[in-house]
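Here is a friendly tour of one protein model. Take a moment to look at the sequence and the structure, then read on.

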Amino acid sequence: ETMKEETMKEETMKEETVNDKKEETVKEEKEETMEEEKEETVKEKDETVKEETMKEEKETAKEETAKEKEETTKEEKETVKETVKEEKEETMKDEKEETMK
């Protein structure tokens, strides 16, 4: 009877040990999975930030290009005004000289 009880106890202990190991393994796998998911989330956030930064840089570049075009257009208008003014003055000068003759 005692041998039987002893054998039963040993079997029970073996089973508990196996169960404990299984639980530990499951726990470790869960932790690994959580860690991997965290890393994936961080990578995704990094990608999102990179994409947003690139979009902002493109927008900034577009705005700068638009400003440069605007400046160029203003300069061209000024040049045209100057040229027209000079031509008018030249014409008036020529007309005065014609009148004087």
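## A salt bridge along the helix

Glu59 and Lys62 form a salt bridge, with their closest N and O atoms 4.0 Å apart. The term stands for a side-chain nitrogen of Lys or Arg within 4 Å of a carboxyl oxygen of Asp or Glu. A search of the whole structure finds one salt bridge. Both Glu59 and Lys62 sit in helix α1 (residues 2–100), three residues apart, which is about one turn of the helix.

Before going further, please note that this is a predicted model, in which local features need pLDDT of at least 70, side-chain atom pairs count only at pLDDT 80 or more, and totals for chains, interfaces and linings use all residues. Residues are numbered from 1 along each chain as its sequence is written, and side-chain values use heavy atoms, with hydrogens and water left out.

## The overall shape

How many helices and strands does the protein have? There is one helix and there are zero strands; helices (H or I, at least four residues) and strands (E, at least two) are DSSP runs, numbered from the N terminus. The radius of gyration is 43 Å, well over the 13 Å that the globule rule gives for 101 residues, so the protein is more spread out than a compact globule. This radius is taken over C-alpha atoms, and the globule rule is 2.2 Å times the number of residues to the power 0.38. Along the principal axes, the C-alpha atoms fill a box of roughly 150 × 5 × 5 Å. As an example of distance along the chain, the C-alpha atoms of Lys22 and Glu47, 25 residues apart, are separated by 37 Å.

## Out in the open

Of the 101 residues, 0% count as buried. Buried means under 20% relative accessible area, exposed over 50%, and partly exposed in between (1.4 Å probe, protein chains only).

| Residue | Relative accessible area | Class |
|---|---|---|
| Glu59 | 41% | partly exposed |
| Lys62 | 56% | exposed |
| Lys22 | 51% | exposed |
| Thr41 | 35% | partly exposed |

Lys22 has its place in helix α1, and Thr41 lies in helix α1 too. Which backbone oxygen does the side chain of Thr41 reach? That oxygen belongs to Glu37, at 2.8 Å.

Key: A polar contact is a pair of N or O atoms within 3.5 Å; within protein, one must be able to donate a hydrogen and the other to accept it, and residues adjacent in sequence count only if both atoms are side-chain atoms.
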